[in-house]
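The following exercises are to be worked with the sequence and the coordinates at hand. Each task is followed by a stepwise solution.

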Amino acid sequence: LAREQPADADIVVGLPDSAVPAAIGFARASGLPYEEALIKNRYIGRTFIQPDQRLREMGVSLKFNALPEVLEGQRVVLVDDTIVRGTTSKPIVQLLRQAGAKEVHMRVHAPPMMWPCYLGVDLARREELIAARMSVPEIGRFIGADSIGYLSLDGLLRAIGASQGFCTGCLTGNYPVPVQLAMDKLVLERVPVGA
């Protein structure tokens, strides 16, 4: 990620907990210091799987705290594992700015997720996926980042040491088995009468 998407910055911060190893790798490869500038509330679960937008936004506001003593006046590379809807990324970028970050450069250690996962990960419907609706520069503007960069699919496969045998359906739309594209994760949910 650091080779494909370098950033002119002062520090590297990983979004806890899933992006911390990639952020440490980005810092080492780029020669920038890694800093812990986001503290995660361990009692708030995964916000991207909440059933509606209001609950996702409320969860994000309770989930993270930024450390002004680390961020004040800094140009920050914020590393995350994915951007699903932008629900987490936009408020996190705002939180870093409110804590004094001068610039926020978002780097994502996976390619854009443009397709749902039909094979076990509870993500979102395709129309909810930000990368299915917006270009990479549009996503950057939407979340309020000074710049944005994703790892390429080739870069991802090189990084994990694989060229085949891994499902990339959510990244490419090519699934290893036939899937019913019209079906979404809520198809079996009970809908209240009159809803």
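## Overall architecture

The chain contains 8 helices and 6 strands, where helices (H or I, at least four residues) and strands (E, at least two) are DSSP runs numbered from the N terminus. This is a predicted model, in which local features need pLDDT of at least 70 and side-chain atom pairs count only at pLDDT 80 or more, whereas totals for chains, interfaces and linings use all residues. Residues are numbered from 1 along each chain as its sequence is written, and side-chain values use heavy atoms, with hydrogens and water left out.

**Exercise 1.** Determine the order of the elements, the buried share of the chain and the share of contacts between residues 24 or more positions apart.

*Solution.* 
1. Read from the N terminus, the elements follow the order β-α-β-α-β-α-β-α-β-α-α-β-α-α.
2. Of the 195 residues, 41% are buried; buried means under 20% relative accessible area, exposed over 50%, and partly exposed in between, with a 1.4 Å probe and protein chains only.
3. Among contacts (heavy atoms within 4.5 Å) with a separation of 6 or more, 73% join residues 24 or more positions apart.

## Cores

**Exercise 2.** Identify the residues with the most contacts inside the largest nonpolar core, and describe the surroundings of Met106.

*Solution.* 
1. A nonpolar core is a set of buried Ala, Val, Leu, Ile, Met, Phe, Trp, Tyr and Cys residues joined through side-chain atoms within 4.5 Å.
2. The largest such core has 38 residues, and Ile83, Leu96 and Met106 have the most contacts inside it.
3. Strand β4 (residues 75-80) supplies the largest share of this core, 4 residues.
4. Apart from neighbours within four places in sequence, Met106 touches Leu78, Asp80, Ile83, Ser89, Val93, Ile143, Ala145, Ser147, Ile148 and Gly149.
5. A second, separate core of 9 residues includes Val84, Met113, Leu156 and Leu171.

**Exercise 3.** Explain why the buried residues of α4 lie on the same side of the helix, and state what covers them.

*Solution.* 
1. In α4 (residues 89-98), the buried residues are Ser89, Ile92, Val93 and Leu96.
2. They lie on the same side of α4 because they cover an arc of only 100° around the axis, the arc being that of the directions from the helix axis to the C-beta atoms.
3. An α-helix has 3.6 residues a turn, so residues three or four places apart point the same way.
4. The cover over the buried residues of α4 includes β2 (38-40), β3 (64-66), α3 (68-71), β4, β5 (103-108) and α6 (136-143).
5. Gln94, also in α4, is partly exposed at 40% relative accessibility.
6. The C-alpha atoms of Gln94 and Ile143 are 8.4 Å apart, although 49 residues separate them along the chain.

**Exercise 4.** Contrast the buried and exposed residues of α1.

*Solution.* 
1. Ala23, Phe26 and Ala27 are the buried residues of α1.
2. These buried residues fall within an arc of 100° seen down the axis of α1, so they line one face of the helix.
3. Pro21, Arg28 and Ala29 are exposed on the other side of α1.
4. The buried residues of α1 have a cover that includes β1, β4 and β5.
5. Just after α1, Gly31 has a positive phi of about 80°.

## A cis bond and a buried lysine

**Exercise 5.** Is the peptide bond from Pro16 to Asp17 cis or trans, and is Lys40 buried or exposed?

*Solution.* 
1. The bond from Pro16 to Asp17 is cis, with omega near -5°.
2. Asp17 belongs to the loop between β1 (11-14) and α1.
3. Lys40, in strand β2, is buried, with a relative accessible area of 19%.
4. Beyond neighbours within four places in sequence, Lys40 contacts Pro16, Asp17, Lys63 and Phe64.

## The largest pocket

**Exercise 6.** Which residues lie nearest the centre of the largest pocket, and how does its lining divide by residue class?

*Solution.* 
1. On a 1 Å grid over the protein atoms alone, a pocket is an open set of points where a 1.4 Å probe fits, with protein on both sides within 12 Å along at least five of seven lines; lining residues have an atom within 4 Å of a point.
2. The lining has 35 residues, with His109, Ala110, Leu151, Leu156 and Ile160 nearest the centre.
3. Helix α7 gives the most to this lining, with 5 residues.
4. The lining comprises 24 nonpolar, 6 polar and 5 charged residues; Ala, Val, Leu, Ile, Met, Phe, Trp, Tyr, Cys and Pro count as nonpolar, Asp, Glu, Lys and Arg as charged, and the others, Gly among them, as polar.
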